[in-house]
Amino acid sequence: MSKTGKVERLELYRDRDTQLLLAKFLNGEIKELEPVYNPKQGYSYPKVEAIVGDSSHAEAFLNKLHETRILERRIYDKILYCPKCSSASISVRHCCPHCKALDIKKSCLIEHVKCGYMDVEENFRKGSRLVCPKCHEELTRIDVDHRKAGVWCTCKECSKSFDVPIASYFCRDCRGNFDFEEIMIKNIYAYSLREEAKNEATSGWVLIAPIRELLKNEGFDVESPAFLKGKSGANHMFDVVARKGRGTQKVTVIDLATSSEGIISEQPVIALFAKIFDVSPDDAYLIAMPKITENGKKMAQLYKIQIIEAKNERDATKTLKEKMLYGKE
Ligand SMILES: [Zn+2]
Ligand SMILES: [Zn+2]
Ligand SMILES: [Zn+2]
């Protein structure tokens, strides 16, 4: 994996759109992102459009996430579209290979096993029965006394017969006719989150976007990441700073601590305390994913830092909402 790729990915993890989409993968809402078909617009990704705004951006956005190896993809379908008007409303027509007429008749070839006679099904048909035109024996059991021996087509224009028709492509919008060489084919993909990206993304940034959205919807001014100047004159960075109210605003700072080992030490509590001691916000939260040591909890209580333990992004936003907005303990 290239180093530049990693730098690009880390940049993308800070992007709001990327965070919102990856959060859906990480919380299980999306396992694999499949395109949705609509006969008028062709394929689209409504869940992505809801994030980025419209369909033309959705494709470029997914391409970028694929190129930077955040998402992997598999071919889900291929779509045919018109080389003249770009419409995806294309019908595939099976035509006569001799005169290219559309009016061909497809028949089934039947072989009478006993006498070896082979002909199209119509010539065997006697009402609801099948009777061999050569030896006049009735055929009753498929694969025993007779078998299907393939297809046979006849052109109603030039009367020639053939077994494999040729395909031609008709645009229902501009009514153009195209052959295989001319028709445009586009791959349509289904996307999933790469395992490596899952690990990189869970290291924090993906969680920030849903928190930011939640607080914005609740009327907070939100900055993320945010720098606040302390009494000492030093600038301190917080993952999220939310402000509310007119005049003297109430300031809430939120930091995030994640651990792949499963438990977080008291270290982020100490780091956050050092910053809030200097900055003096009204409230301070530490989101610990998935949980924090007992010692960390005790220290947080002493320092008046509220701890939110959460298994995933959904848990974290839910608990944060309850604590911050409704004062639940
Ligand atoms: Zn023909
Ligand atoms: Zn026969
Ligand atoms: Zn067309």
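**Entry 1: helix 2**

I started with helix 2, residues 16–26, and checked its cover. Helix 2 is mostly covered, with 8 of its 11 residues buried. I listed the buried ones: Asp-17, Thr-18, Gln-19, Leu-20, Leu-21, Leu-22, Ala-23 and Phe-25. I then looked just past the helix. There, Gly-28 takes a positive phi of about 90°. I note here that I am working on a predicted model.

**Entry 2: zinc ion, ligand 1**

Which residues coordinate the zinc ion (ligand 1)? I found Cys-96, Cys-99, Cys-155 and Cys-158, each through SG, at 2.2 to 2.4 Å. I checked the angles next. The 4 donor atoms subtend 102 to 119°, so the arrangement is tetrahedral. Along the sequence I read the spacing as C-x2-C-x55-C-x2-C. Cys-99 and Cys-158 link distant parts of the chain, 59 residues apart. I placed Cys-99 in the loop between strand 4 (90–95) and strand 5 (104–112). Cys-158 is in the loop between strand 10 (146–155) and strand 11 (161–162).

I also looked up the exposure of this pair. Cys-99 has a relative accessible area of 36%, so I call it partly exposed. Cys-158 has 27% and is partly exposed. Both values fall between the cut-offs of 20% and 50%.

**Entry 3: zinc ion, ligand 2**

I moved to the zinc ion (ligand 2). Its protein donors are His-112 (ND1), Cys-115 (SG), Cys-132 (SG) and Cys-135 (SG). They lie 2.1 to 2.3 Å from the zinc ion. The angles among the 4 donor atoms are 99 to 124°, and the site is tetrahedral. I wrote down the spacing of the donors as H-x2-C-x16-C-x2-C.

Is His-112 buried or exposed? I find 1% relative accessible area for His-112, so it is buried. Cys-115 is partly exposed, at 26%.

**Entry 4: zinc ion, ligand 3**

For the zinc ion (ligand 3) I list Cys-82, Cys-85, Cys-171 and Cys-174 as the coordinating residues. Each uses SG, at 2.3 Å. The angles subtended by the 4 donor atoms run from 104 to 119°, so I record the arrangement as tetrahedral. The spacing in sequence is C-x2-C-x85-C-x2-C. Cys-85 and Cys-174 link distant parts of the chain, 89 residues apart. Cys-85 is in the loop between strand 3 (71–81) and strand 4. Cys-174 is in the loop between strand 12 and strand 13.

Cys-85 is partly exposed, with a relative accessible area of 35%. Cys-174 counts as partly exposed, at 31%.

**Entry 5: sheet 4-12-13**

I found an open sheet of 3 strands, in the order 4-12-13, with antiparallel pairing. Which strands are at the edges? They are strand 4 and strand 13 (177–178), each pairing on one side only. I then looked up how strand 4 meets strand 12. Strand 12 covers residues 166–171, runs antiparallel to strand 4 and is joined to it by 6 bridges. Ile-90 stands opposite Cys-171 in strand 12.

**Entry 6: aromatic pairs**

How many aromatic pairs does the structure hold? I get 7. One of them is Tyr-45 with Tyr-191, 5.9 Å centre to centre, with 65° between the planes. I record this pair as edge-to-face. The two tyrosines are 146 residues apart and link distant parts of the chain. Tyr-45 is in the loop between strand 2 (42–44) and helix 3 (46–52), and Tyr-191 is in strand 14 (residues 184–193). Both are buried.

I checked Phe-273 and Phe-277 next. Their ring centres are 5.8 Å apart with the planes at 45°, so the pair is tilted. Both lie in helix 8 (residues 267–279), 4 residues apart, about one turn of the helix. Residues three or four places apart in an α-helix point the same way, because there are 3.6 residues a turn. Phe-273 is partly exposed at 26% relative accessibility, whereas Phe-277 is exposed at 60%.

I also noted a cluster: ring pairs link Tyr-37, Tyr-43 and Tyr-76.

**Entry 7: lysines over rings**

The charged end of Lys-244 sits over the ring of Phe-220, 4.7 Å from the ring centre. Lys-275 places its charged end over the ring of Phe-238, 4.6 Å from the centre.

Technical notes: Residues are numbered from 1 along each chain as its sequence is written. Chains are lettered from A and ligands numbered from 1 in the order in which they are written. This is a predicted model: local features need pLDDT of at least 70, side-chain atom pairs count only at pLDDT 80 or more; totals for chains, interfaces and linings use all residues. Side-chain values use heavy atoms; hydrogens and water are left out. Donors are N, O and S atoms within 2.8 Å of the metal (3.2 Å for Na, K and Ca); water is not among the atoms, so sites may look incomplete. Four donors count as tetrahedral if all angles lie between 85 and 135 degrees; four count as square planar and six as octahedral if opposite donors are over 155 degrees apart and all others between 65 and 115; anything else is irregular. Buried means under 20% relative accessible area, exposed over 50%, partly exposed in between (1.4 Å probe, protein chains only). Two strands pair if DSSP finds at least two bridges between them. Rings of Phe, Tyr and Trp (its six-membered ring) pair if their centres lie within 6.5 Å; planes under 30 degrees apart count as stacked, over 60 as edge-to-face and the rest as tilted. A charge sits over a ring if NZ of Lys or CZ of Arg is within 6 Å of the ring centre and within 35 degrees of the ring normal.
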